[in-house]
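User: Please go through the structure below with me. I would like to understand how some of its elements are placed.

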Amino acid sequence: MPLDVVQLLSDLVRIPSVNPMGRDVSGAEYMEYAMTEKLAAVFQEMGLPYFMQEVAPLRTNIVARLEGDPAAGVTVFEAHQDTVPVEGMTISPWEPETRAGRVYGRGACDIKGGMACMLTALARLAEERPAGMPTVVMACTVNEEYGYAGATAMARGWASGDAPAMPALPNAVIVAEPTLLDVVVAHKGVARWCCHTQGKAAHSSMPHLGDNAFYRMARVLAAIERYAKDVAPTLGDHPLVGGPTLSVGVIQGGISVNTVPDQCTIEIDRRVIPGEDARQAYQQVVDFIAQETAGDPLVIHDPPYIASNGLDIGRNADLASRLGEVARAQGGGGRNIGVPYGTDAPAFDEIGAPTVVFGPGSIDQAHTCDEWVEIDQLHKATEIYYQFGKMGWPSSPAPA
Ligand SMILES: [Zn+2]
């Protein structure tokens with residue numbers, strides 16, 4: 001059953017799969033379950049066995065296997081099922097529009113476009129079954145946009161050796177993200193958490209009877225600013241992704257102008273470079289703030305709600321050069337690059353599977369109010385995935 005990549009992408013965009021991003025929201029557009037059902041139907045039509053792994057209610061990873069030559073190894077195509085929310089979009093998010101050589105809609109670029117390319121390549125491989133092709137596995141994860149929980153659960157299953165879809169580690173994992181057909185071999189990771197300051201409420205006409213949680217937070221913020229300016233630049237500089245960063249993106253507190261606030265909360269974002277451990281980086285910042293605020297017990301840090309390490313070139317070097325060659329031959333960029341954003345890739349790299357990030361479209365159009373992807377990129381990516389998917393791996397066993 002040959003697939004048309006633009007048609008398939010349009011079908012995928014029509015199925016909302018919005019990540020709630022940690023907010024307490026509900027509605028039919030949230031979670032990935034409808035996408036998972038669609039993917040099951042697509043795999044069924046291709047005649048491929050597929051396997052489900054529930055990660056959370058309404059959030060299920062799905063993995064399909066196209067068996068190839070057992071001596072040719074295993075190649076994984078990976079794409080996440082979720083999208084970011086749609087508030088503020090200036091186009092209709094779930095009514096895809098094809099115009100001016102582009103497909104518009106939420107997820108068109110990140111990453112239903114890449115997913116449609118992978119599925120189209122997989123369908124062609126399933127139809128043609130080229131001699132000597134490896135087993136090709138299509139893995140579709142949940143909750144990429146808010147913590148990589150799907151990929152983490154999937155990789156854990158693969159590493160355990162008793163996941164039915166992946167009895168041994170694969171030779172290669174290609175994670176779809178909009179890279180403009182360059183090969184991302186390194187990227188940053190991130191730790192994110194909430195920090196609270198406490199105080200004592202009082203009437204604003206008698207502030208001396210209270211203890212202002214904002215003033216306490218101001219001292220925390222000043223410490224964070226010093227860390228970002230003076231400490232972070234001393235912690236290393238990766239040739240492909242640069243240095244670590246620290247930023248505060250959310251601040252909340254206060255009930256009225258005439259009440260001394262007894263609570264303030266901020267959200268902190270610490271980007272780690274490859275080689276740094278996200279949890280250790282979190283602890284470093286917490287310790288620095290404690291030191292700068294004289295160990296104030298009314299400054300309280302939650303544990304990180306996201307702690308994901310970066311991806312580094314190393315294990316993936318051979319995969320990257322093979323994929324880069326295929327990409328260049330098909331008119332893609334094919335350069336080895338590093339990027340500042342995080343992806344599902346480290347989850348697979350950390351269990352020992354060579355992993356790169358590669359896909360159609362530009363990250364500049366991901367998460368935007370008029371998200372789109374170029375159709376030319378879709379066709380090129382599909383061909384590259386197909387050509388790469390045909391290539392067997394040397395008969396040495398998969399890396400341990
Ligand atoms: Zn993405």
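User: Which residues of strand S3 point one way, and which point the other way?

Analyst: This is a predicted model, in which local features need pLDDT of at least 70, side-chain atom pairs count only at pLDDT 80 or more, and totals for chains, interfaces and linings use all residues. Residues are numbered from 1 along each chain as its sequence is written. Strands (E, at least two residues) and helices (H or I, at least four) are DSSP runs, numbered from the N terminus. In a regular strand the side chains alternate between the two faces of the sheet. In S3, one side has Val-74, Val-76, Glu-78 and His-80, and the other has Thr-75, Phe-77 and Ala-79.

User: Within what arc do the buried residues of helix H5 fall?

Analyst: A residue is buried if 20 or more other C-beta atoms, placed from the backbone, lie within 10 Å of its own, exposed if 12 or fewer, and partly exposed in between. In H5 the buried residues are Ala-213, Arg-216, Met-217, Val-220 and Ile-224. They line one face of the helix, because the directions from the helix axis to their C-beta atoms fall within an arc of 95°.

User: Which exposed residues does the face of H5 turned away from its buried side carry?

Analyst: An α-helix has 3.6 residues a turn, so residues three or four places apart point the same way. On H5, the face turned away from the buried side carries Glu-225, Lys-229 and Asp-230.
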